[in-house]
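Okay, everyone, thanks for coming. Let me put the structure up on the screen, and then I'll talk you through some spots in it.

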2 protein chains.
Amino acid sequence: MSLLVFGTIGIDTVHTPGGQHRENILGGSCTYFAAAASFFTPVRLVAAVGEDFPDEFRAVLKQFEAIDLAGLEVRKGSKTFRWGGKYLDNMDHRESLFTELNVLEEAPPPIPEAYRDSALVFLANAHPGRQALVLDSTTKRRLVVADTMDLWINIAKDDLLALLKRVDGLVLNYDEAELLTGHRNTVAAGRHMLDLGPRFVVIKKGEHGCLLIHRDGIAALPAYPTERVVDPTGAGDTFAGGLMGRLAQLHAQDPKRELASFESVREGLVAGTIAASFNIEKFSLERLVEISADDIAQRAREFAAMLRVG
Amino acid sequence: MSLLVFGTIGIDTVHTPGGQHRENILGGSCTYFAAAASFFTPVRLVAAVGEDFPDEFRAVLKQFEAIDLAGLEVRKGSKTFRWGGKYLDNMDHRESLFTELNVLEEAPPPIPEAYRDSALVFLANAHPGRQALVLDSTTKRRLVVADTMDLWINIAKDDLLALLKRVDGLVLNYDEAELLTGHRNTVAAGRHMLDLGPRFVVIKKGEHGCLLIHRDGIAALPAYPTERVVDPTGAGDTFAGGLMGRLAQLHAQDPKRELASFESVREGLVAGTIAASFNIEKFSLERLVEISADDIAQRAREFAAMLRVG
């Protein structure tokens with residue numbers, strides 16, 4: 001089962017709540033997603049960068065051998081997306097210090113011909129109209145999951161609602177779920193979103209874990225409890241990468257297993273939780289590049305044991 | 001194993017986020033704690049009310065047959081504690097509209113002679129000096145757990161720190177843990193509090209569940225996911241009641257089991273989570289009075305199944 005991710009690769013500047021800061025580090029939704037998913041399955045990445053994209057960042061991505069970089073377009077005369085942000089008193093709230101869209105303002109990267117048969121598609125946060133174009137180009141897709149953000153709920157809600165009719169799953173933050181549905185209660189918000197099209201919705205709550213609202217059930221999971229939190233950037237994308245990568249892996253292990261059953265998604269959420277828990281321990285991909293699939297499996301077992309009650 | 005709770009019985013007025021409001025309903029920490037604990041074990045209640053305490057409220061408490069009301073002092077010439085509060089945009093934040101301490105400003109109720117052999121003692125939120133007096137009167141205690149609040153951290157911190165050296169467990173809210181320790185990260189805050197004396201600390205996060213920091217391990221649990229939330233008043237006290245009641249029950253079922261082992265406390269937290277999830281479905285004790293131990297056990301099994309991953 002081939003997994004495709006469409007999103008951004010960027011150059012970030014991050015100020016953490018702990019007072020640390022780092023300039024010009026590798027970031028972007030595709031970056032984090034693909035690195036996390038690569039522990040479970042091969043992953044095809046579609047993103048555009050400018051000709052200023054540093055060779056050493058490409059070298060970092062190449063260290064994740066399961067990432068296929070054929071869809072990484074280096075666009076002549078363009079500049080890479082840049083973002084700077086500062087985390088506020090807690091890890092869940094941040095303010096953007098600057099956003100230079102650069103290549104993101106231009107035409108989106110094409111989906112390579114060889115990627116059009118991808119069975120699993122993850123649409124990282126982007127304008128829902130752009131996300132829809134990816135669906136038009138992937139004709140054999142069997143599972144589509146999308147992320148979104150408050151900006152699109154505010155300025156492109158019709159496009160977003162149209163997209164939601166075409167996806168199997170939606171992943172979004174807690175406050176975005178409230179913004180989209182008007183429900184402060186996450187279970188009520190999730191049920192409301194199921195009525196908009198998806199088979200399942202995952203509401204991300206950062207350090208408080210996540211909630212799965214699936215047509216076949218509801219599950220809440222805590223985050224992996226840790227005090228090793230350096231930089232939360234990319235936590236949501238590594239979470240989604242673990243989820244989708246694990247779903248692809250579960251299906252590869254047992255092709256009879258339904259790809260997005262309640263049980264499968266719940267297992268995927270554990271993988272996402274654990275991938276995110278490693279990611280936040282260092283800046284950029286610095287922690288993920290150090291660990292192995294065994295490290296993830298080991299922490300996932302600890303997490304499962306922690307939750308074995310009754 | 002006899003369980004004693006020392007706390008308040010009050011008359012509440014509550015405005016919920018859903019726009020409902022109810023005046024003059026049965027409330028107080030002892031009330032909620034004892035009702036929840038009574039599903040698991042006999043519970044001895046120590047609290048004072050005034051002579052205005054309505055007969056029908058006593059009748060409600062009597063419906064929980066495992067509550068021993070011998071320690072409920074009705075004080076002539078005094079008035080019952082009254083509190084009015086309004087929940088803000090979410091269920092976790094509320095403002096007090098009025099607080100009439102009344103009998104709480106007078107001498108605390110005495111611990112009845114027959115209660116002094118209590119093995120499990122829960123000190124509901126009160127001035128830590130008053131909580132300490134209860135310990136002086138219970139000479140056979142084997143497990144003491146205390147609750148506290150921001151007020152005492154601010155105005156009676158030395159008394160609180162002295163108390164913490166005498167308790168086995170501390171239960172407190174998320175923001176109170178930060179206030180007491182200066183740590184925003186809950187794991188760091190919990191570890192800090194272990195250094196102050198307790199064997200374990202439970203950080204309550206309302207709709208986001210709880211975190212257990214025990215000398216022998218760490219566990220996070222989500223809340224039971226529900227959209228049936230009418231009135232969160234008493235959620236923390238029913239949570240503590242389920243915890244302590246279940247610990248007493250586990251020990252009664254297997255006296256060789258260590259009373260406050262990591263595993264036992266984790267099981268207790270499930271009971272507390274489920275008790276609280278029922279309590280918030282209606283005002284006052286209106287939901288708890290309707291349900292049975294079987295209902296709690298059934299929901300606890302669903303909760304455990306939801307968390308069975310990997």
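So, D52(A) and R82(A): these two form a salt bridge, and their closest N and O atoms are 3.8 Å apart. The cut-off for calling something a salt bridge here is 4 Å, so this pair makes the list. And what does the pair tie together? D52(A) sits in the loop between β4 (43–50) and α2 (55–62) of chain A, while R82(A) is in strand β7 (residues 81–87) of chain A, so parts that are 30 residues apart in sequence get linked. Bear in mind, by the way, that this is a predicted model.

How many salt bridges does the rule give over all chains? The count comes to 34. Across the interface of chain B and chain A, the rule finds 4. Here's a pair to look at: E227(B) with R191(A), a salt bridge whose closest N and O atoms are 2.1 Å apart.

While we're on that interface, let's stay a moment. On the chain B side, 33 residues are in contact with 33 residues of chain A. Together the two chains bury about 2800 Å² between them, and 51% of that is on carbon and sulfur atoms.

Now over to helix packing, inside chain B. Take helix α9 (residues 262–279) and helix α10 (residues 293–306) of chain B: they pack at about 115°, with axes 9 Å apart. That makes α9(B) and α10(B) roughly perpendicular to each other, and their crossing is right-handed. The α9(B) side of the contact is V270(B), T273(B), I274(B), S277(B) and F278(B), and α10(B) brings D295(B), I296(B), R299(B), A300(B) and F303(B). By class, that contact of α9(B) with α10(B) has 6 nonpolar, 2 polar and 2 charged residues.

One more pair in chain B: helix α1 (residues 29–37) and helix α8 (residues 235–253), packed at about 40° with axes 7 Å apart. These two are oblique to each other, and α1(B) passes α8(B) in a right-handed crossing. Among the residues of α1(B) that meet α8(B) are Y32(B) and F33(B), and the α8(B) side includes G241(B), G242(B) and G245(B). Sorted by class, the contact of α1(B) with α8(B) comes to 6 nonpolar, 5 polar and 1 charged residues.

Note on methods
Residues are numbered from 1 along each chain as its sequence is written. Chains are lettered from A and ligands numbered from 1 in the order in which they are written. This is a predicted model: local features need pLDDT of at least 70, side-chain atom pairs count only at pLDDT 80 or more; totals for chains, interfaces and linings use all residues. Side-chain values use heavy atoms; hydrogens and water are left out. Axes are lines fitted to C-alpha atoms, for helices over the stretch in contact, and angles run from 0 to 180 degrees between N-to-C directions. Helices (H or I, at least four residues) and strands (E, at least two) are DSSP runs, numbered from the N terminus. Angles under 35 degrees count as roughly parallel, over 145 as roughly antiparallel, 65 to 115 as roughly perpendicular and the rest as oblique. A crossing is left-handed if the near helix is turned anticlockwise from the far one by less than a right angle, and right-handed if clockwise. Contact means heavy atoms within 4.5 Å. Ala, Val, Leu, Ile, Met, Phe, Trp, Tyr, Cys and Pro count as nonpolar, Asp, Glu, Lys and Arg as charged, and the others, Gly among them, as polar. Buried area is the accessible area (1.4 Å probe) that two parts lose on being put together, summed over both. A salt bridge is a side-chain nitrogen of Lys or Arg within 4 Å of a carboxyl oxygen of Asp or Glu.
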